[in-house]
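Q: Hi! I'm new to this one and would like a friendly walk through it. Can we look at it together?

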Amino acid sequence: MKIIIINIKEIVQTERAERVSVRSGAGMSVLDNIRDGYIVINGEFIEEFGEMSNLTEEQTTGAKIIDAAGRMVLPAFCDSHTHLVYAGSREMEYIDKIRGLSYQEIAARGGGILNSAQLLHNTSEKDLLNQTMARAWEIIRFGTGAVEIKSGYGLTVEDEVKMLRVAREIGSSTPLTVKTTFLGAHAVPLRYRDRREEYVDEIITEMIPAVVSENLADFIDVFTEDGFFSIADTERIFEAGAKYGLRPKVHANQMSFSGGVQVGVKYNAISVDHLEFTGEEEFAALKGTGTIATVLPGSTFFLEMEYAPVRDMINFGLPVAIATNYNPGSSPSGDMKFMMALAALKMKMTPYEVINASTINGAYAMGISNTHGTIAVGKVANLMVTKPIPSIEYIPYAISTPLVERMFLKGREIDVR
Ligand code: NIG
């Protein structure tokens, strides 16, 4: 049956005449919105939308009508960088952090990624799925409809595969659209202490083939950073992934000017993520390429670092996506609206820019902007009906006020109460 959402105060982020796969530079300030509108959903897809004055009685016959008076409708958020699959939590490290230890010092004491790897190793696949499922429903309630999920807390063949199976299962048993990323090169496990290159050998000869044999990954990622993986390691891993058609993403320039951006561009990464340590050299490397800059304000906030220079990136003409980086160590939040608020306040992005960065540009960073990220005829009906709100600007301004009243994912209404 058709569903028609009527009396929409404003349909935000439509695509009428021109379709784009990504919005860059000044284009990030463009939103094509319709006041007093309607949207027709047919099956999984958006069939039609427009101004209420053009909706005929004939169109509404036999359809389920939803009156959205006073509410806006946006495309569901596209969160292109998460570590949603993890076991337990790391609040004890948070206490260490409050007492003054840095992220690196916590990691050196056996905390950090290796702590999560140990917890995950001791957790069954079923339990891991249950824990991840709770987070998946949490982010749906925040307005997310498509999400990228990484491995990287396994660090053995079995546990990396276990994580990615769970991620795929989230894609098939929730209404989320899920893209998965193999991140075996997230940290060097203890069994390879001082033998990092041999761990890279294991990633290449054992992990990638195992992951590919079950079709568990859409992308391949490396944490390219001093103390984690070098440029040479990153190149070896990307070359191995390319043999199986895995396009890179990169944890780039989070703690230093690591060269992560440049290596990402060299290997045609779909996105380079973090980018706290970037400047003109990195911007120039990205300009005119198919690689999108993705910023993760939640981890910059949580780690109390300097924010990525997003204003300069946009002024340089680059496209920018925002993602949550939902993970137990540096960003224990999957709330896209909170990330938008941080991006506006701390990175000086305008409300229109943060909406583009969280919808169409997030979709681009997952390779799905032809089907997600805007309200367009034929795109997947992933829509959020807001609570009554006065303006678009209110969205990043009302930092902690819940935004979502109703969610439609793949054309079906989802219970978000
Ligand atoms: O993106 N930088 C690497 N990975 C995560 C942190 C993971 C963790 O601490 O568990 C990040 O911030």
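Q: Which residues of α13 are buried?
A: In this predicted model, the buried residues of α13 are Met336, Lys337, Phe338, Met339, Met340, Ala341, Leu342, Ala343 and Met347.

Q: And how many of the helix's twelve residues is that?
A: Nine of the twelve are buried, so α13, which spans residues 336-347, is mostly covered under the cut-off of under 20% relative accessible area.

Q: Switching to rings now. How many aromatic pairs does the structure hold?
A: It holds ten aromatic pairs. One of them is formed by Tyr86 and Tyr326, an edge-to-face pair with 6.3 Å centre to centre and 75° between the planes.

Q: Where do Tyr86 and Tyr326 lie?
A: Tyr86 lies in the loop between β6 (77-79) and α2 (91-98), and Tyr326 lies in the loop between β13 (320-322) and α13, so their pairing ties together parts that are 240 residues apart in sequence.

Q: Are those two buried or exposed?
A: Tyr86 and Tyr326 are both buried.

Q: Nice. How are the rings of Tyr94 and Phe302 arranged?
A: Tyr94 and Phe302 are stacked, with 5.5 Å centre to centre and 15° between the planes. Tyr94 is in helix α2 and Phe302 is in helix α11 (residues 297-302), so this pair ties together parts that are 208 residues apart in sequence.

Q: Which residues do ring pairs link into a cluster?
A: Tyr192, Tyr199 and Phe229 are linked that way.

Q: Let's go to helix packing. At what angle do α6 and α7 pack?
A: Helix α6 (residues 157-173) and helix α7 (residues 196-213) pack at about 35°, and their axes are 10 Å apart. The crossing of α6 past α7 is right-handed.

Q: Which residues meet there?
A: On the α6 side they are Val157, Glu160, Val161 and Leu164, and on the α7 side Glu202, Glu206, Met207, Ala210 and Val211. That contact has six nonpolar residues, three charged ones and no polar ones.

Q: New topic: where is Met255, and what does Met255 touch?
A: Met255 is in the loop between β10 (247-252) and α9 (260-266). Not counting residues up to four places away in sequence, Met255 touches Tyr103, Gln104, Phe223, Glu225 and Phe277. Met255 is buried, with a relative accessible area of 18%.

Q: Last one: where is Lys379 found?
A: Lys379 is in the loop between α15 (360-364) and β14 (383-386).

Q: Is Lys379 buried or exposed?
A: Lys379 counts as buried, at 1% relative accessibility. Leaving aside residues up to four places away in sequence, its contacts include Glu15, Glu44, Phe45, Asn370 and His372.

Definitions and conventions
Residues are numbered from 1 along each chain as its sequence is written. This is a predicted model: local features need pLDDT of at least 70, side-chain atom pairs count only at pLDDT 80 or more; totals for chains, interfaces and linings use all residues. Side-chain values use heavy atoms; hydrogens and water are left out. Axes are lines fitted to C-alpha atoms, for helices over the stretch in contact, and angles run from 0 to 180 degrees between N-to-C directions. Helices (H or I, at least four residues) and strands (E, at least two) are DSSP runs, numbered from the N terminus. A crossing is left-handed if the near helix is turned anticlockwise from the far one by less than a right angle, and right-handed if clockwise. Contact means heavy atoms within 4.5 Å. Ala, Val, Leu, Ile, Met, Phe, Trp, Tyr, Cys and Pro count as nonpolar, Asp, Glu, Lys and Arg as charged, and the others, Gly among them, as polar. Buried means under 20% relative accessible area, exposed over 50%, partly exposed in between (1.4 Å probe, protein chains only). Rings of Phe, Tyr and Trp (its six-membered ring) pair if their centres lie within 6.5 Å; planes under 30 degrees apart count as stacked, over 60 as edge-to-face and the rest as tilted.
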